[in-house]
Amino acid sequence: MTLIKSISGIRGTIGGPQGDNLTPIDIVKFTTAYTRFMSEKHGGKKLTIVVGRDARISGKMVNNIIEGTLLGCGADVINVGLCTTPGTEMAVITHHADGGIIITASHNPKQWNALKLLNEKGEFLSDAEGKRVLALADDESFDFPCVDCIGKVIKREDFNPTHIKQVLSLPMVDAEAVKQRKFKVVVDAVNSVGGVVIPALLRELGCEVLEINCNPDGHFAHNPEPLPENLTEIAEVIRREGADLGVVVDPDVDRLALVNEDGTMFGEEYTLVAVADYILSHTAGNTVSNLSSSRALRDVTAAHGGTYTAAAVGEVNVVTKMKEVGAIIGGEGNGGVIYPALHYGRDALVGVALFLTHLAYKGCSMSELRATYPAYFASKNKIQLTPDIDVDKVLREMKARYAGENVNDIDGVKIDFPENWVHLRKSNTEPIIRIYTEAKSQDEADTLAQRFIGEIKDICNL
Ligand code: MG
């Protein structure tokens, strides 16, 4: 039973008492606050807001409450129904809407849902904007508009085909080259909206598609986070069917993980690395990912003569940094590809189309392509916070201890050693410290993580 209000939206479990869960009352309060904020921002003009949802079981219920609330607050609605996160973002841009609400709890289990809030560019609200929405959610002094001023539903449309067309018309997507390879692709979309859009996109690219978990009924067939331990079924099907690759997306289709022809993982971290390699091999430029992402992107960027910059964790931070340094490709190591030539949002459809073009041009297999990239191994660990652990003190002391090294403190503390790195940060959503390491072997990454877990305990006298 949880309700998490953060600057990036509101997230919670369905059912239970109001204020402790994502109940209808919480949804109304939060949607009202968002509409008030957008109205303030746009000088009181009549708003048009796009609403889209993933295939979660609670999606329609939450959608109906949000749509009704928007109308009651005087906003017009374009409802794109079952739609991916990147598709909803593109609908805001395409329709020149004033904002958007995406109904998805991303990779979280089925009892969760959430509202993600977009601005008029189809991008997530900034920290300051998110804070203003949270403040307005606690203010009950709002006067709702009168009967003549309530909003209307301007249109209901399936935006997914438009989004697919927009992806296919990118100059860097070579559909003809991909078609010639006649890739046989297994798709696992964990029974969410990816089960509709990813096979459709692949068929447009001339692929033979084998679907598993592609029925968008919201009954997730496995833990929906695209991590290797959750992807045993697709690995087996790829081997059995002699497929060229596997494509896995999370429930709202902003994360993309790829599987090799032998059932081994291409590695979620390497989705962005490979796509960036492709883009940079045709256009010189810079890249950005978050501090917890693989060093392989830095290496690949340097090999192409570009500059890599790290951003704080969180899509909005990555996007801000990308604009600042003029990055032509960026994203997150968790399979999130951001390609500004289409839009500033993680987009698995863009990832699939650019990746397959790259693989087609290379003329090799998945595992051969993977072998061309620097090999790094990650170790992802956490420590549960207790009253004995003073996170700020831990981070301060770590910074002092390693002052002679390359230290970045924009988000927790990241220490870049010549051969490996460690990133310590407090989670925004759970009472834990994350300890991520990366090194040239799994053993080295695990040993480095254990060493830092020991140092944290030492600082806290545990
Ligand atoms: Mg997601």
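Phenylalanine 355 is in contact (heavy atoms within 4.5 Å) with Leu245, Leu258, Phe266, Ala274, Val275, Met366 and Leu369, leaving aside its neighbours within four places in sequence. Keep in mind that this is a predicted model, where local features need pLDDT of at least 70, side-chain atom pairs count only at pLDDT 80 or more, and totals for chains, interfaces and linings use all residues. Residues are numbered from 1 along each chain as its sequence is written, and side-chain values use heavy atoms, with hydrogens and water left out.

Phe355 belongs to the largest nonpolar core, which has 74 residues; together with Ile198, Leu205 and Leu356, Phe355 touches the most other members. A nonpolar core here is a set of buried Ala, Val, Leu, Ile, Met, Phe, Trp, Tyr and Cys residues joined through side-chain atoms within 4.5 Å. Buried means under 20% relative accessible area, exposed means over 50%, and partly exposed is in between (1.4 Å probe, protein chains only). Helix 12 (residues 348–362) gives the largest share of this core, 10 residues. Helices (H or I, at least four residues) and strands (E, at least two) are DSSP runs, numbered from the N terminus. Domain 1 (4–158) and domain 2 (163–370) both supply residues, so this core lies between them. There's also a second, separate core of 27 residues, including Ile10, Ile66, Ile101 and Ile103.

## The domains

The chain is assigned domain 1 (4–158), domain 2 (163–370) and domain 3 (377–460); these bounds come from an automatic or database domain assignment. Between the C-alpha centres of domain 1 and domain 3 there are 36 Å.

## The magnesium site

Which residues hold the magnesium ion? Ser106 (OG), Asp250 (OD), Asp252 (OD) and Asp254 (OD) coordinate it, at 2.0 to 2.1 Å. Donors are N, O and S atoms within 2.8 Å of the metal (3.2 Å for Na, K and Ca), and water is not among the atoms, so sites may look incomplete. Along the sequence, the donor residues follow the spacing S-x143-D-x1-D-x1-D. Aspartate 252 counts as buried because its relative accessibility is 1%, and aspartate 254 is buried too, with a relative accessible area of 0%.

Two strands pair if DSSP finds at least two bridges between them. Strand 8 (residues 184–188) runs parallel to strand 9, joined by 5 bridges, and valine 185 stands opposite valine 209 in strand 9.

Is glutamate 204 buried, exposed or partly exposed? Glutamate 204 counts as partly exposed, because its relative accessibility is 45%. Not counting residues up to four places away in sequence, glutamate 204 touches Ile164, Leu168 and Lys179.

Most residues other than glycine have a negative phi. Asparagine 191 has a positive phi of about 55° although it is not a glycine, and asparagine 213 also has a positive phi of about 55°. You'll find asparagine 191 in the loop between strand 8 and helix 7, and asparagine 213 in the loop between strand 9 and helix 8 (232–241). Asparagine 191 counts as buried at 9% relative accessibility, and asparagine 213 is buried with a relative accessible area of 15%.

## Another mixed sheet

Another 4 strands form an open sheet in the order 13-12-14-15, with mixed pairing. Its edge strands are strand 13 (308–311) and strand 15 (336–338), each pairing on one side only. Strand 14 (residues 327–332) and strand 15 run antiparallel and are joined by 3 bridges; glutamate 332 has glycine 336 in strand 15 as its bridge partner. Helix 11 (residues 315–325) packs on the sheet, touching strand 12, strand 13, strand 14 and strand 15, with its direction at about 165° to that of strand 14.

Notes:
Axes are lines fitted to C-alpha atoms, for helices over the stretch in contact, and angles run from 0 to 180 degrees between N-to-C directions.
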